[in-house]
Amino acid sequence: MKNISVIGSGTMGNGIAHVYAQSGFAVNLVDISADALARAVKTIEKNLDRMVAKERIDEATKNSTLANITTHTDLKTGVANADLVIEAATENVDIKLKIFRDLDAFTKPECILASNTSSIPITKIGAATNRPDKVIGMHFMNPVPVMKLVEVINGYATSAEVTALVMETSKKLGKVPVEVNDYPGFVANRILMPMINEAIISLFEGVAGVEEIDTVMKLGMAHPMGPLQLADFIGLDVCLSIMNVLYEGFGNPKYAPCPLLVNMVTAGYLGVKSGEGFYSWNHGTKELIVSKQFKK
């Protein structure tokens, strides 16, 4: 596989485009917004500059990485020659199914179609196409250029050959691919999201405050970031969406999202992306300031 198309130029999409381009692949980055694409390229350049400053790469590698990326606002043009397409659009099942139906029509028959979804069933996505054997999950972690893990998710019909190719290309990026099967939340979010939800329940029930809950998990469990801080970085809307997928998928009340999480999302308190969640982020992300609504 030499030609990679990435659909969506947000945080995950530009990160995926970055690592493939830096590894020598020709990358088409596709988004309906030209402004979003321009911001994505600036973000990639800024991240590359940071790597140059830390002497992880040289200037020539930075320039070749940027040269490997071409931007497109037209999906059909952007995926025409792709050997592998990785969809990194918003975590909305209807949007993703529409994209995959279009990808099925616009790509070469042998092209592999992957989704970076963090919770939507790969089997369901594959069923929207005429090539479910070539549909697979590639769940990258944020920030993509830094995090080593790629969850490689087999749908019910995904072929062993496609899985092997995706595992191989993931290793070429310097990543560590881990093969998992298609159940709600896969592995990462099936374990992570209930922990975050339980932290929110602990706050909701008055067990402890925001800072106290995060401190217990950081110092007691050696987590680099507390669960409430992590939820703010992920996006509380994304956390709620994944909890709903788990709840609906398993039909088990232990996966029911905390009412506090539901209310915060409804009110627009989404974490870093909105400037306010469990912490206040309007000043930036370096300093932790508990949101005024949770201050004692």
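Predicted model: local features only at pLDDT ≥ 70, side-chain atom pairs only at ≥ 80, totals over all residues.
Residues are numbered from 1 along each chain as its sequence is written, and side-chain values use heavy atoms, with hydrogens and water left out.

The unreviewed UniProt entry carries a "binding site" annotation whose residues include Gly-8, Asp-31, Glu-91 and Lys-96. Such annotations may be inferred rather than shown by experiment.

Gly-8 lies in the loop that joins β1 (3-7) to α1 (11-22); helices (H or I, at least four residues) and strands (E, at least two) are DSSP runs, numbered from the N terminus. Its relative accessibility is 11%, so Gly-8 counts as buried (under 20% relative accessible area, with a 1.4 Å probe and protein chains only). Beyond four places away in sequence, Gly-8 touches residues including Gly-13 and Asp-31, where contact means heavy atoms within 4.5 Å.

Lys-96 belongs to helix α5 (residues 93-106). Lys-96 counts as buried because its relative accessibility is 1%. Leaving aside neighbours within four places in sequence, its contacts include Glu-91, Ser-115 and Thr-117.

Two packed helices are described by the angle between their axes and the distance between the axes. Helices α11 (residues 236-250) and α12 (residues 259-267) pack at about 130°, with axes 9 Å apart; axes are lines fitted to C-alpha atoms over the stretch in contact, and angles run from 0 to 180 degrees between N-to-C directions. The two helices are therefore oblique to each other, as angles under 35 degrees count as roughly parallel, over 145 as roughly antiparallel, 65 to 115 as roughly perpendicular and the rest as oblique. Where they meet, α11 contributes Leu-236, Asp-237, Cys-239 and Leu-240, and α12 contributes Leu-261, Val-262, Met-264 and Val-265.

Methods. Buried < 20%, exposed > 50% of the residue type's maximum accessible area, 1.4 Å probe, protein only.
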